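Subject: Structure handover

Hello,

Here is the structure we talked about. My notes follow below it.

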Amino acid sequence: MTATLERAERQAQTPALRHRLAERGVDRQLLLLVPALLFVVLLFLYPFFYGLQLSFAPEEGGPLASYAAFFADPYQRGTIWITLGLALPAALLNVLASVPIAYRMRGRFRGKRLLTTVLVVPITLGTVLTAQGLLNFLGPAGWFNKILTAFGVDEPARLVGNYWGVFFSLVITGFPFAFLLILSYLSGIDPTLEQAAATLGADWKQRFRRITLPLLAPGLATTFCLAFVLAFSVFPSAVLVGNPAGETRVLALAAYQAAYEQYDYSLASAIAMVMGAVELIVIAVVLLWRSRLYTGSTGGKG
């Protein structure tokens with residue numbers, strides 16, 4: 001009899017416990033997160049921590065020998081500024097160029113789908129095809145220099161095999177991502193806010209500066225961070241349309257050479273950790289600025 005009462009009491013307590021856990025968001029639906037957690041652990045956390053410990057395990061010297069070797073060599077250390085000099089302007093240009101186009105395309109007009117398709121086509125090309133196109137168009141014997149020659153310009157313009165070739169590649173491949181993100185942010189801003197300002201006599205410049213831009217600024221910061229990360233990891237373009245031994249020797253290329261040409265995996269891991277640290281510093285600065293911006297509702301209510 002006592003065992004039966006205890007069993008009944010446990011059965012009564014189980015639904016109550018499940019109910020309390022469900023109120024706190026703990027239920028069987030959390031099992032749906034398991035595949036995502038495994039993906040993050042296997043493809044991000046494990047490689048990251050493995051590379052981190054490898055960077056502190058050089059064949060010679062102390063735990064910090066690989067970092068010391070990197071920062072003591074001006075040729076290696078300079079890759080930080082080269083990469084920043086490519087990624088920051090490219091990300092900034094992509095964001096700034098996307099704003100007026102996305103702002104105009106927010107409304108309905110004929111040919112909107114076609115124009116959107118044209119603007120996002122570079123996503124399907126990839127960096128290799130983009131680089132090949134730049135070589136064919138902007139190379140010494142490309143169409144652009146042939147046009148200049150037809151107009152009497154003797155010396156061809158050097159737009160590939162240097163900084164500009166990589167910069168153009170980053171802009172072409174990064175613009176669609178920035179454009180789509182900013183278009184989605186702008187679509188989330190209630191147009192009645194601008195309509196109300198227009199009824200009070202504000203022109204389009206005043207409406208954009210005082211209403212749209214403050215509401216869009218947090219989205220611009222997030223878009224810049226994503227565009228910067230995409231540009232900061234540049235590798236194929238730096239080799240194909242840049243000068244990998246000089247002005248476009250970026251951090252990713254330095255890590256590759258340390259790993260697969262010098263076979264110094266500790267140094268390569270240290271360069272990768274430096275690369276990640278620089279990215280985090282830039283993102284932290286941008287997000288700190290973002291935290292001081294307007295973070296309320298972008299709709300007409302709230």
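Is Ser 266 buried or exposed? Ser 266 is buried, because its relative accessible area is 5%, under the 20% cut-off for that class. The residue lies in helix α13. Leaving aside neighbours within four places in sequence, Ser 266 is in contact with Leu 54, Ser 55, Ala 57, Pro 58 and Ser 66. Please keep in mind that this is a predicted model.

Overall fold

The protein has 13 helices and zero strands. Read along the sequence, the pattern is therefore α throughout, from α-α-α-α-α-α-α-α-α-α-α-α-α. Of the 302 residues, 34% count as buried. Take the contacts with a separation of 6 or more: residues 24 or more positions apart account for 73% of them.

Annotated segments

The UniProt record, an unreviewed entry, places "transmembrane region" at residues 30-49, 80-102, 114-135, 163-186, 215-235 and 267-289. I looked at two of these in the model. Residues 30-49 are 80% helix and 0% strand, with the end C-alpha atoms 26 Å apart. Residues 114-135 are 95% helix and 0% strand, and here the end C-alpha atoms are 27 Å apart.

Helices α4 and α10

Two packed helices are described by the angle between their axes and the distance between the axes. For α4 and α10, the axes come within 9 Å and cross at roughly 140 degrees. The crossing is right-handed. On the α4 side, the contact residues include Thr 83, Leu 84, Ala 87, Leu 88 and Tyr 103. On the α10 side, they include Phe 208, Thr 212, Leu 216, Phe 224 and Phe 232. By class, the contact of α4 with α10 has 16 nonpolar, three polar and no charged residues.

Aromatic pairs

How many aromatic pairs are there? The count comes to 18. One of them joins Tyr 103 and Phe 208 edge-to-face, at 5.1 Å centre to centre and 75 degrees between the planes. Tyr 103 lies in α4 (residues 74-105) and Phe 208 in α10 (residues 204-232), so this pair ties together parts that are 105 residues apart in sequence. Both Tyr 103 and Phe 208 are buried.

Another pair, Phe 175 and Phe 179, is stacked: 5.9 Å centre to centre, with 15 degrees between the planes. Both residues lie in helix α8 (residues 163-187). They are four residues apart, about one turn of the helix. Phe 175 is buried, with a relative accessible area of 13%. Phe 179 also counts as buried, at 0% relative accessibility.

Ring pairs link Tyr 163, Trp 164, Phe 167 and Phe 168.

Helix α12

Why is α12 described as largely enclosed by the rest of the structure? Eight of the ten residues of this helix (residues 251-260) are buried, so the rest of the structure largely encloses it. The buried residues are Leu 251, Ala 252, Leu 253, Ala 254, Ala 255, Gln 257, Ala 258 and Ala 259. They pack against α3 (65-72), α4, α10, α11 (236-240) and α13 (265-291).

Where to look

Start with the α4 and α10 crossing. Then turn to the Tyr 103 and Phe 208 pair. Finish with α12 and its buried residues.

Best regards

Terms used. Residues numbered from 1 in each chain as written. Predicted model: local features only at pLDDT ≥ 70, side-chain atom pairs only at ≥ 80, totals over all residues. Heavy atoms only, no water. Phe/Tyr/Trp six-rings, centres within 6.5 Å; stacked < 30°, edge-to-face > 60°. Helix = DSSP H or I, 4+ residues; strand = E, 2+ residues; numbered from the N terminus. Buried < 20%, exposed > 50% of the residue type's maximum accessible area, 1.4 Å probe, protein only. UniProt positions renumbered as here; feature names shortened; annotations may be inferred. Axes fitted to C-alpha atoms, helices over the stretch in contact; angles between N-to-C directions. Left-handed = near helix turned anticlockwise from the far one by under 90°. Contact = heavy atoms within 4.5 Å. Nonpolar A, V, L, I, M, F, W, Y, C, P; charged D, E, K, R; others polar.
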